[in-house]
Number of protein chains: 2
Amino acid sequence: MPDTHAPAPLPAALLSALQAVLGPKGLLTDPGDIAPALADWRGLYQGASPAIIRPGSTQELAAAVRLCARHEVAMVPQGGNTSMVGGATPDESGRQVVVSLARLNRIRAIDPVDMTMTVEAGLVLKAAQDAATGVDCLFPLSLGAEGTATIGGVLSTNAGGNTTVRYGNARELMLGLEMVLPDGQVIDGLRALRKDNTGYALRHLFVGAEGTLGFITAAVLRMFPRARENEVAFCAVRDEEAALALFRRFRDRDEGAVRAFEYLSGIGVDLAVKHIEGVTLPVSERADHYVLVDLASSRPEAGLRPLAEAVLEEALEAGEVLDAAIGESEGQRAALWRIREEHPEAQKREGASVKNDVSVPVSRVPEMIRRCSAALAALIPGSRPVPFGHMGDGNIHMNLEQPEGGDPAAFLARSHDIMDCVNEIVRELGGSFSAEHGIGRLKTDMMESWRGGAELEAMRRIKAALDPAGLMNPGKVLP
Amino acid sequence: MPDTHAPAPLPAALLSALQAVLGPKGLLTDPGDIAPALADWRGLYQGASPAIIRPGSTQELAAAVRLCARHEVAMVPQGGNTSMVGGATPDESGRQVVVSLARLNRIRAIDPVDMTMTVEAGLVLKAAQDAATGVDCLFPLSLGAEGTATIGGVLSTNAGGNTTVRYGNARELMLGLEMVLPDGQVIDGLRALRKDNTGYALRHLFVGAEGTLGFITAAVLRMFPRARENEVAFCAVRDEEAALALFRRFRDRDEGAVRAFEYLSGIGVDLAVKHIEGVTLPVSERADHYVLVDLASSRPEAGLRPLAEAVLEEALEAGEVLDAAIGESEGQRAALWRIREEHPEAQKREGASVKNDVSVPVSRVPEMIRRCSAALAALIPGSRPVPFGHMGDGNIHMNLEQPEGGDPAAFLARSHDIMDCVNEIVRELGGSFSAEHGIGRLKTDMMESWRGGAELEAMRRIKAALDPAGLMNPGKVLP
C-alpha cells in the first residue's frame, strides 16, 4: 500500500468560496473531524484529505461541486462509509476532498397509494425501512450494514443483500434519481413512474457507478405491501445439491413467498455457535450443510406454515433435508436469522479470513461451493472454507478462514492467491468476481481480465464523456 | 414530411465486401425486397434505402458493421418493424442501410432451474413466450404486437405492455446482453446472474436506447413459474376514482396476483362492441367506466376465484363497482380480454384518432383521465376522448377519436395541438410524455422541452462517446 501523505491544503480562494456557499456546518477542516472518513470500514486503506464538504441541500452540493471543478479538486462521495471494497474513502495523496451526503437525509415525500418514497441520498437505509413501515408498507432492501449504510451508497453500489431473490437489487427498487454531474449541473430525474421511456436511462448508469460519474443526491424508491405472515425455517441438509433442490421445492410451490434462501456451511455454523453468545444449534445434530429459508406474504391468510411443513416433509422423505426447525415466534425467527447474520463476526473472532463475494447462475451454486472448497483446502492446507450467503440469487460469500492457530499475517499475505483460486472456478461457471460489493478500489485490478476489451473501453469512454477532468472518485471502479 | 429521395447506391467496394462477408441471404439490394422495411407500421414515414443487411450471426453482423463504419454509412437496426414512433425505419435521404436482425433468431440456451433463457435479438416475442411455456415456465412480457415484435426490439425500446404491474418492463426481464458497438466491436455480456456489480451497467444503457448506441444481438432473459390459476373480471365502475380504489383493494389483498389491471372508457367499449365482430358487453348495463382485472398465480391452490368474488363484493357494497362479470372458462376469459385488445382496431375503424402514450404516478391516473378528457373535448368540439390502458402501472393511452362524421384530415392536422394539450396536463402531474413507446422519430422534438438542459446534454455526450461518427440510427431519440 502507498504511503499516506499529509493533506494538501485547499487553495485559499476555493476554501473561502466553499465557506461562503456551505456555512460552518457544511465544511469540516479540523483533522480530528476528518479522521473518521479517511479509513474504510474493513481497514484496508488509510487515506488523507484536507476537508469534508457536508452540503445541506442539493443546491449547496451543486455549488460546491462547481467550485471544486473550477479548481480541479477531486471529490470522493461518502455515505455511511461501509464499503467492503474501499469505494468511499479518499486515497493517500491528500489531494482528494470527501463529500459527505450525511446532511442530505430528508424524506421529501412518501405515498402509500403510489407505493413510492422520495428520499435524499444521506438517509440511512434503516430509516428508509422505518419510514415505509410507518405507512404500513415495506422497503425490502436488507443487509448487514443497514443501520449505517445510506440510500445514496446502496444505489451507487447497487447493493443486494438477503431479499434479492424476491425483490431484486437496489437497482430494481429505484424509479428515479436526482443527480449532480461532475461539473455541478443538476439533473432532476425524480420521476415516480413505472413507465418512462424518454431517452437514455441515466439513472441506471449512475446506479452501480460508485460515484465515479457524479453524485446521486435523491431517489424515488419503490415500496411494497408489508408482510402479514412470516415463517423462518432452519434446515440441516444432505449436501449442496439438496440445498438447491429444497430451494426449487419452495420456489415451485409459491415463488412470491420466498423472501430469502440462505446457504450455511457446517463450519460457519460451528463458528457462530462457538463465538457468539446466545447462538445455539436449533436442530438435533450437527450437519455439514444448512439452509435458512424465510417465507413472507402480504396475503392475510397465506398459509405459509402449512406450506413450509408440507415442503419440508417432502424433502425429508426425499432425503434432502435431515432435520428442520421452524421458528414459533418473532423471537425464535430472529434467533434463527442471527445464526446467519453473525457469520461475519464469528469469522472475525476466529481469526483472519479472506472474503470472496462471487456469483454464479443459481443452478451452478452447488458445483461452485464444492469445487472452490476443495481447491481452497488444497491451496492452503489447514485453511477452512466458510461459504455462506444468498443461494436463491446465486451469490455466495466464498470466504476462507485461516488455519487454526496459524499466523494471520502469513495467511492474509496469500489473499490474492485465494481470490484468484476462487475466481478461476467462478469464471468457468459463467459467474462474476463481484456480485454485490462492487469494485471500489480493491478489485480495479481485476477489471482488465474480466471486463477488458470492448466492454472496458466503452466504460472508459462514458467516464471521459461525463467526467472529462477525472474529478469524481478517482482510482475507483476503472483501472 | 420531407420528400423521399431515390436510394443512394452503396460504394462498389463496400457492396462487394458486404457480399463476401454476408453471402447471398445476408444482403438484399432488390427494391422489391427492400420495400417492406421502408415504411413504419403506423404509416407515418416513408423512407428509402439501398440495401438491407441480414446477418446470420453476431460475427457476420460485427463484420458488416465494421465495413459500414469504414465507409461512414449510417445503419438503422430493425426487428419486427412495429415501432409506434417510427423508430426502426430509415429516413428519406436514401443513404441509410437497414440492418435486419431477423435471421439472428436462435434460442441459444434455456434453463428452467436458473429460470433464464439466452435468445438472439431477432427472435419474435411470441416465440420466446412459447419457448418458456415449453419448459413449464412463463416469459411474462405481453403486448399487442407480440406476434411480430422481436426481443431486440422490445429491449431496445424497453417495451411495457399489460403485465408491467406485476413483472416490470422489458428492462426488468433482462439479465445480460450481447452488444455490437458502432465500430463493430462485440461486447459479450450474456451473464445469467442476478447479482453482478462490475462497472457501469452498459446493458441498462442499451435497453431503451432504440438502437442509437449500437446493436443488441442477444439477451439473457428471466423466466417465472407459469400460472396455475387465472381469473379475469370485467367490471363496470362508478368513475375513475372507483377504478383506482378497486385496484388498491386487489393489490392490498394479494399484490403478487394482479397480473394486469386495465382501465377502459365507456366510449372505447362502445366502439369495440360496434366495430368488432363477436365483442359484446359482458355486464348488464352500459357504463362510462370499466376495468379489466387479470389475476394469476403459480400457487397450486391460490384461491383466486374466492379472492376475486370477495373483493368485488366489498367494492359493490362500497358503490365503487356497479356490475361485474368473471370469466367461467378459458374462452370467456379470452373474450373479456378481447374487448381491451381490440381497442386500437375499433378506434381505427371509427375514423382518425391521435394516440398519446403517457404515464403519471398511479395515484394521479383518475385526475389525469378526467382533466385530459375535459381539455380535449374543449379543444376540438365533438371529438371523443378514448382513454384506455394500464392503470396499474400509471400508463394510459389517452387517445382522441375524431368527431363523428368529421373530416379525418382536418382532425389529424391538429395532432400536435392534441398531443400538447395532453402533455401539459401530464407534466403538471409529474408524468411522462412517452411511457412505453419510446421517442423514435415522432417525439424527438419534445425532448428539448421535457429532458433539456443537463439531462439531454449528458445523453448527447454519451452518444458522442460511443458513436462519434453518428452512424447508429441517426435522427432517432436525440433531437
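1. In chain B of this predicted model, strand β2 (residues 52–53) runs parallel to strand β4 (residues 96–100), and the two are joined over two bridges. One residue pairing can be named: Ile52(B) has Val98(B) in β4(B) as its bridge partner.

2. That pair belongs to an open sheet of four strands in chain B, with the order β1-β2-β4-β3 and mixed pairing. At the edges are β1 (27–28) and β3 (74–78) of chain B, each of which pairs on one side only. In general, the strands of a sheet pair through backbone hydrogen bonds, in either the parallel or the antiparallel sense.

3. Over all chains the count is 78 salt bridges. One of them joins the side chains of Asp270(A) and Arg286(A), with an N to O distance of 2.8 Å.

4. How many residues does each chain bring to the contact between chain B and chain A? Chain B gives 84 residues and chain A gives 84 residues. The area buried between chain B and chain A is about 7,000 Å², and carbon and sulfur atoms account for 53% of it. Of the area that chain B buries against chain A, 15% comes from Lys195(B), Asn197(B) and Tyr200(B), more than from any other three residues.

5. One of the salt bridges runs from Asp196(B) to Arg451(A), where the closest N and O atoms are 3.3 Å apart. The count of residue pairs in polar contact between chain B and chain A is 52, with both residues at pLDDT 80 or more.

6. Several elements of chain B give two or more residues to the side that touches chain A, among them α6 (164–167), β9 (186–189), α8 (240–253) and α16 (444–451). The largest share of that side, 10 residues, is supplied by α17(B). By class, the side of chain B that touches chain A holds 35 nonpolar, 24 polar and 25 charged residues.

7. Chain A is divided into four parts: domain 1 (12–100), domain 2 (107–225), domain 3 (229–344) and domain 4 (351–428). For domain 1 and domain 2 of chain A, the C-alpha centres lie 22 Å apart. Their contact takes 12 residues from domain 1 of chain A and 15 residues from domain 2 of chain A.

8. Domain 1 and domain 2 of chain A bury about 1,100 Å² between them, and 71% of this is on carbon and sulfur atoms. Thr58(A), Pro77(A) and Thr82(A) provide 37% of the area that domain 1 of chain A buries against domain 2 of chain A, more than any other three residues.

9. Which kinds of pair are found across the interface of domain 1 and domain 2 of chain A? The count of salt bridges there is zero, while three residue pairs are in polar contact, both residues being at pLDDT 80 or more. On the side of domain 1 of chain A that touches domain 2 of chain A, α3 (58–70) and β3 (74–78) of chain A each supply at least two residues. The largest share of that side, six residues, comes from α3(A). The residues of that side divide into seven nonpolar, four polar and one charged.

Note on methods:
Residues are numbered from 1 along each chain as its sequence is written. Chains are lettered from A and ligands numbered from 1 in the order in which they are written. This is a predicted model: local features need pLDDT of at least 70, side-chain atom pairs count only at pLDDT 80 or more; totals for chains, interfaces and linings use all residues. Side-chain values use heavy atoms; hydrogens and water are left out. Domain bounds come from an automatic or database domain assignment. Contact means heavy atoms within 4.5 Å. Buried area is the accessible area (1.4 Å probe) that two parts lose on being put together, summed over both. A salt bridge is a side-chain nitrogen of Lys or Arg within 4 Å of a carboxyl oxygen of Asp or Glu. A polar contact is a pair of N or O atoms within 3.5 Å; within protein, one must be able to donate a hydrogen and the other to accept it, and residues adjacent in sequence count only if both atoms are side-chain atoms. Ala, Val, Leu, Ile, Met, Phe, Trp, Tyr, Cys and Pro count as nonpolar, Asp, Glu, Lys and Arg as charged, and the others, Gly among them, as polar. Two strands pair if DSSP finds at least two bridges between them.
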